[in-house]
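Please examine the sequence and the model before working through each solution.

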Amino acid sequence: MSSIINRFLGKKSVRNEELLALANRLSFRNSQLDVFLFDHFIQSDKRNAEQYFTFQEQLLELQLDRLQTIEVELNLLYQYLQVVEHFVPDGFLVKFENKLQSHDKITLPPLILFPVIQHAVENGYNTMSSHPVRIRLSGSSKLIMLEVSYRVNHYLESQFNSVLIHDFRHRLDYLFPDKHNLLLNSNSNTSRITLTIQL
């Protein structure tokens, strides 16, 4: 719609690099310093505090502008899910399916797969065995697709109105202009986020 308006007015939308760069940094920090997870850690009995601190230390060592291999990203993601499973008191169920091919050639900006999964963990109902967070990663050395679905939270007015998603959209615009797609769908039972990135 905006392209039609711009054509009619004879103007092109201006890409604000400074604001997009800021959103890129904010989205990275949102994932690096997960407030939802930190709150649950603070309220926990701290019996496995070392697990949390070890994971957090690895996140803090990441640098925004340094690409990392997909293996590093996935290892951090698996650790994140284990930490969540331990420190979220109501329990946490996840089903992770990794069908990604050609791992060794893929490099990514750090924590680029985190926001949609963190959003599902924070906003979904994930304790029912029939409704875990479902994560499916697929693709190749040229394209990555991440699908995340979860049980909707009926207390939320909008399933996708969150800082994580808002800043992540702009991070994608900054890092992968015209080379990504972020689809958000929700019905009365399930919310689904599908992220596609061309490499």
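A residue is buried at under 20% relative accessible area, exposed at over 50% and partly exposed in between (1.4 Å probe, protein chains only). The model is predicted: local features need pLDDT of at least 70, side-chain atom pairs count only at pLDDT 80 or more, and totals for chains, interfaces and linings use all residues. Residues are numbered from 1 along each chain as its sequence is written, and side-chain values use heavy atoms, without hydrogens and water.

**Exercise 1.** Classify the ring pairs of Phe-41 with Tyr-52 and with Phe-87.

Solution. 
1. Rings of Phe, Tyr and Trp (its six-membered ring) pair if their centres lie within 6.5 Å; planes under 30 degrees apart are stacked, over 60 edge-to-face, and the rest tilted.
2. A search of the whole structure gives 8 aromatic pairs.
3. For Phe-41 and Tyr-52 the centres are 4.2 Å apart and the planes at 10°, so this pair is stacked.
4. Both Phe-41 and Tyr-52 are buried.
5. For Phe-41 and Phe-87 the centres are 5.3 Å apart and the planes at 80°, so this pair is edge-to-face.
6. Phe-41 and Phe-87 are both buried.
7. One aromatic cluster is formed by Phe-41, Tyr-52, Phe-53 and Phe-87.

**Exercise 2.** Compare the reach of helix H2 with its expected span.

Solution. 
1. Helices (H or I, at least four residues) are DSSP runs, numbered from the N terminus.
2. The expected span is 1.5 Å times one less than the number of residues.
3. H2 (residues 17-32) has 16 residues, and its first and last C-alpha lie 22 Å apart, close to the expected 22 Å.

Conventions
Helices (H or I, at least four residues) and strands (E, at least two) are DSSP runs, numbered from the N terminus.
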